[in-house]
Amino acid sequence: MQIATDIAHGLDYIHHSTGLGQSFIHNHIKSSSIIITEPSLSAKICHFGTAELCGESTENLTEITHSNSKSSSAFKRSDSGTTKFEGTRGYMAPEFQSTGVATQKTDVFAFGVVILELLSGREALKYQIDQETGAYTRFSVVDTARDAIDGGGEEPERRGKLRWWIDRRLKDSFPVEVAEKMARLGLECVHEDPNVRPDMGRVAGTISKLYLESKNWAERIGIPTDFSVSFAPR
């Protein structure tokens, strides 16, 4: 919760509080862009060299070909007919994959993925090979979170799915209600419609409240001390 709170406030600062009269985006929010210091578990966002003005992200990784120079100009490019942009699989919002235009809402999407990684201890995206067929199966932390949270069933069954999905390194010692609220917030951040995703200001405020709830729970119940702190998959 400490890590999630620090990241949320850091990204909110980038979006709204730079004091430069401009809208900024980070465009590279992912688990490997976060530094965690011990023993406080404070988190800092790095890779600020990639932060750009909102709507002007055009780096090199994936290509989109346009039919004319008019569509190219929308991406702040010449009339070469090609727009190149950079992103990381598993963290790219659907609209970013189709247009190449990074916005604050694409940052929110990537942040939502990081939240789900923190809760579950799972990678954003991975592939496993079927030993019988040789085919690869895609596993997304977003899909597993949706199944655990919105997969249906009665309350005990739903809570059981959530406990199974949460990082086992926590040894089942966490406030379930807070975990569920955090997971739902993460899923709200990765909604396919960017207009439905919350603003980082609201996200940061919500996570701060959940952090206080989890802190109060930890003071009453106690927390495990023999677990590792890592972004590596469990």
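A crossing counts as left-handed if the near helix is turned anticlockwise from the far one by less than a right angle, and as right-handed if clockwise.

**Entry 1: what I am looking at**

I am working with a predicted model, in which local features need pLDDT of at least 70 and side-chain atom pairs count only at pLDDT 80 or more, while totals for chains, interfaces and linings use all residues. Residues are numbered from 1 along each chain as its sequence is written, and side-chain values use heavy atoms, with hydrogens and water left out.

I looked up the overall make-up and found eight helices and eight strands in the protein chain, where helices (H or I, at least four residues) and strands (E, at least two) are DSSP runs numbered from the N terminus. Of the 234 residues in the protein chain, 39% are buried, with buried meaning under 20% relative accessible area, exposed over 50%, and partly exposed in between (1.4 Å probe, protein chains only). The accessible surface of the chain comes to about 12,500 Å², and 50% of that belongs to carbon and sulfur atoms; the areas come from the Shrake-Rupley method with a 1.4 Å probe, and for residues only the protein chains shown count as cover. Taking contacts between residues at least 6 apart in sequence, I see that 63% join residues at least 24 apart, a contact being heavy atoms within 4.5 Å.

**Entry 2: α1 against α8**

How do α1 and α8 pack, and at what angle? Helix α1 (residues 2-16) and helix α8 (residues 200-221) pack at an angle of about 160 degrees, and their axes are 9 Å apart. The axes are lines fitted to C-alpha atoms, for helices over the stretch in contact, and the angles run from 0 to 180 degrees between N-to-C directions. The two helices are therefore roughly antiparallel to each other, on a scale where angles under 35 degrees count as roughly parallel, over 145 as roughly antiparallel, 65 to 115 as roughly perpendicular and the rest as oblique. The crossing of α1 and α8 is left-handed.

From α1 the contact takes in Gln-2, Ala-4, Thr-5, Ala-8, His-9, Leu-11, Asp-12, His-15 and His-16, which meet Met-200, Gly-201, Ala-204, Ile-207, Ser-208 and Tyr-211 of α8. By class, I record seven nonpolar, seven polar and one charged residues in the contact of α1 with α8, with Ala, Val, Leu, Ile, Met, Phe, Trp, Tyr, Cys and Pro counted as nonpolar, Asp, Glu, Lys and Arg as charged, and the others, Gly among them, as polar.

I then checked Thr-5, which sits in helix α1 and counts as buried at 9% relative accessibility. Leaving aside neighbours within four places in sequence, Thr-5 is in contact with Ile-207, Ser-208 and Tyr-211.

**Entry 3: α1 against α4**

I find α1 packed with helix α4 (residues 104-120) as well, at an angle of about 175 degrees and with the axes 11 Å apart, which makes α1 roughly antiparallel to α4. The contact is made by Ile-3, Ala-4, Ile-7, Ala-8, Leu-11, His-15 and His-16 of α1 together with Gln-104, Asp-107, Phe-111, Val-114, Ile-115 and Leu-118 of α4. By class, the contact of α1 with α4 has nine nonpolar, three polar and one charged residues.

**Entry 4: α5 against α7**

Helix α5 (residues 141-150) and helix α7 (residues 176-189) pack at an angle of about 130 degrees, their axes being 10 Å apart, and that makes α5 oblique to α7. Val-142, Ala-145, Arg-146, Ile-149 and Asp-150 in α5 meet Ala-183, Arg-184 and Leu-187 in α7. The contact of α5 with α7 has five nonpolar, no polar and three charged residues.

I also looked up Arg-159, which is found in helix α6 (residues 155-165) and counts as partly exposed at 23% relative accessibility. Not counting residues up to four places away in sequence, Arg-159 touches Val-176, Glu-177 and Glu-180. Arg-159 and Ile-149 are ten residues apart in sequence and 8.3 Å apart in space, C-alpha to C-alpha.

**Entry 5: backbone in the loops**

In the loop between β2 (34-37) and β3 (42-45) I find Pro-39, and the peptide bond from Glu-38 to Pro-39 is cis, with omega near 5 degrees. Leu-41 has its place in the loop between β2 and β3, and has a positive phi of about 60 degrees although it is not a glycine; with a relative accessible area of 24%, Leu-41 is partly exposed.

Is Asn-27 buried or exposed? Asn-27 counts as buried at 11% relative accessibility. This residue lies in the loop between β1 (24-25) and β2, and Asn-27 has a positive phi of about 70 degrees although it is not a glycine.
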